[in-house]
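Hi everyone, thanks for coming. Have a look at the screen, and then I'll talk you through some salt bridges and the nonpolar cores.

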Amino acid sequence: MTYDVIVIGGGHAGSEAAALAARRGARTLLLTQNLETVGQMSCNPAIGGIAKGTVVREIDALGGIMGRATDAARIQFRILNRSKGPAVQSPRAQCDRSLYRRAVRGLLEACSRVDLYQGTVARFLLRRGCIDGVETLDGQRFTAPAAVLTAGTFLRGTIHQGLDTRIPAGRAGDAPAVAIAQNLDDLGLRSERFKTGTPPRVDGRTVRLQQLERQDGDPDPFWFSFYERAVHPIQKPCYLTYTGPEVQEIVERHLLESALYGGAISSRGPRYCPSIEDKIVKFPSAKRHQVFLEPEGLDTTEMYVNGLSTSLPPQIQLEMLRSIQGLEEVRMTRAGYAIEYDYLPPTQLTPALESKTVSGLFLAGQVNGTTGYEEAAAQGAVAGLNAAGRALDSEMVSLTRHEAFIGVLIDDLVTRGVDEPYRLFTSRSEFRLLLRQDNALRRLYPLAERLGLLSEGERRTAEERLQAEDQVHGWAESTAISPGQANPVLHRSGSRSIGEPVRIAELARRPEVSLGDLLEAVGIAAPTESCTWADIEFKYAGYLAKEHSTAERMARMDEFSIPAELFYEDLDSLSFEARQKLSAVRPTSIGQARRIPGVSPSDIHSLITAIIRTQRGATVSRET
């Protein structure tokens with residue numbers, strides 16, 4: 001059968017790639033080993049968190065499905081860092097694993113241009129060096145001019161539990177993808193190895209919950225999706241406990257039985273999600289480590305033991321669990337494990353996430369060296385949009401670092417590369433005050449509208465929301481508030497009183513004063529979600545202006561394009577290291593070139609001079 005885009009893999013990257021390719025107008029096939037695991041949460045059943053929650057809202061603004069699925073499946077919700085500034089506040093939801101998977105499947109099946117098929121891809125079909133389709137292990141052939149590979153941890157995946165248990169698998173219960181990994185080698189794509197892990201799960205009925213610190217969700221309503229208002233399931237609590245000296249003693253005694261420390265695994269794992277073995281070895285003076293018990297769903301008593309990722313043998317895992325307060329008589333339902341897998345260093349990709357080696361081949365997700373559902377989904381969204389663009393002969397989409405966290409993520413990957421599994425943080429962005437979760441729709445709706453990604457109803461919903469925010473901002477700028485109206489609000493906020501009428505906007509700039517309370521004092525009832533953006537714009541106006549100015553300067557650098565045919569080895573004015581790095585990455589702009597490690601400011605100056613001379617020479621040649 002013939003399609004415009006073929007997406008290989010049905011995880012978070014693959015689901016978004018299929019959804020966004022279809023929304024852009026491409027007839028899309030999602031091809032995966034097991035249709036029952038489309039949208040599967042292989043590790044922690046949670047979506048969002050610092051920077052990640054903002055990414056989910058950015059994907060949603062483009063028409064993606066992660067936010068909608070999360071709203072339909074969340075069983076606990078919290079705004080993290082609520083007491084801190086808006087640049088680091090972020091929504092996070094614990095999800096019902098089964099509800100989330102069903103929601104993703106349902107959203108994909110609602111896309112008229114998406115077909116789903118169960119099969120394992122063995123190789124890519126090429127025509128004149130470009131993608132022409134795929135062939136499955138059972139000989140089925142599907143043709144398309146563009147394909148998105150979202151293989152996750154499946155490329156030559158191997159599960160480790162202790163030193164003796166080594167299971168070929170993409171995750172527990174699923175076979176690895178070996179044939180396609182070999183095919184990628186044959187196509188000239190370089191691969192390396194990373195590892196990650198997952199903790200054990202336990203039967204919540206055997207946990208002494210009354211001994212643990214209970215953590216409930218926020219009662220205030222919140223939806224990740226800007227376009228839909230799904231009915232939220234009931235919330236369930238999480239629980240906090242700690243490891244102690246007993247766990248440290250057990251790990252130290254059995255350390256060489258760990259796959260990681262016993263020599264069975266040599267590849268690097270995620271620094272920011274370390275195993276319990278790493279925590280004990282690297283932080284020996286720490287008296288305890290947090291362990292969160294998180295519900296897996298509404299229809300099960302199983303709990304996820306967040307903070308206890310391990311590759312120790314199962315019997316040692318149970319001993320370790322039972323040495324933790326509240327888990328003394330716990331029953332382990334699933335043992336944790338480490339998994340080692342191939343990834344393809346992302347400097348082999350363009351900013352569109354297209355292979356520099358094989359035209360029409362796009363890569364997204366953990367196969368690019370990242371970790372995390374949200375990072376995978378963000379790449380899937382961009383790869384899907386661009387695969388559709390390639391197939392339909394339309395523009396390539398590339399988000400800049402000041403437009404979206406998605407832009408930060410992809411620029412870091414294709415420009416800097418990775419030497420450990422990449423995780424997104426707010427600190428990775430120079431413009432984190434511009435890239436907030438509350439303004440994701442305002443930032444990305446124009447792109448979604450231009451590309452035709454939204455339905456008429458979605459466009460109307462977005463425009464009404466943005467107009468409501470603008471209206472609140474306008475009210476604050478044009479409405480004066482009297483001392484009698486303002487002072488009670490100021491007094492409750494611990495702010496100084498006023499003696500004469502002032503514009504609401506002036507008082508809203510005070511950090512401790514709520515814009516919504518001021519509007520209410522003058523009789524204007526504005527929804528909280530409409531006030532959030534305007535409130536931040538007033539309070540952080542000076543900082544926002546500085547970031548906008550810096551972003552404009554960076555944009556000018558990104559607009560200074562570098563000729564694709566430029567031969568860096570001939571530019572003797574560049575340092576040897578710069579020539580090597582520029583040749584490897586082949587940046588598309590001066591802005592991207594200056595972000596490559598090892599390329600100095602003097603190299604950038606020399607590069608600009610060389611480009612100008614080349615362009616002048618080409619002009620003279622044409623005139624002659």
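Let's start with K539, which forms a salt bridge with D535, their closest N and O atoms being 2.5 Å apart. By salt bridge I mean a side-chain nitrogen of Lys or Arg within 4 Å of a carboxyl oxygen of Asp or Glu. Before I go on: this is a predicted model, where local features need pLDDT of at least 70 and side-chain atom pairs count only at pLDDT 80 or more, while totals for chains, interfaces and linings use all residues. Residues are numbered from 1 along each chain as its sequence is written, and side-chain values use heavy atoms, with hydrogens and water left out.

Back to our pair: K539 and D535 both sit in helix α16 (residues 528-539), four residues apart, about one turn of the helix. Helices here are DSSP runs of H or I, at least four residues, and strands are runs of E, at least two, numbered from the N terminus. Both K539 and D535 are buried, meaning under 20% relative accessible area; exposed is over 50%, and partly exposed is in between (1.4 Å probe, protein chains only).

Next, R334 and E302 meet in a salt bridge at 2.9 Å, N to O. R334 is in strand β19 and E302 in strand β18 (residues 302-306), so the pair ties together parts 32 residues apart in sequence.

Now, how many residues are in the largest nonpolar core? It has 116. Such a core is a set of buried Ala, Val, Leu, Ile, Met, Phe, Trp, Tyr and Cys residues joined through side-chain atoms within 4.5 Å. Helix α9 (residues 373-391) gives the most to this core, eleven residues.
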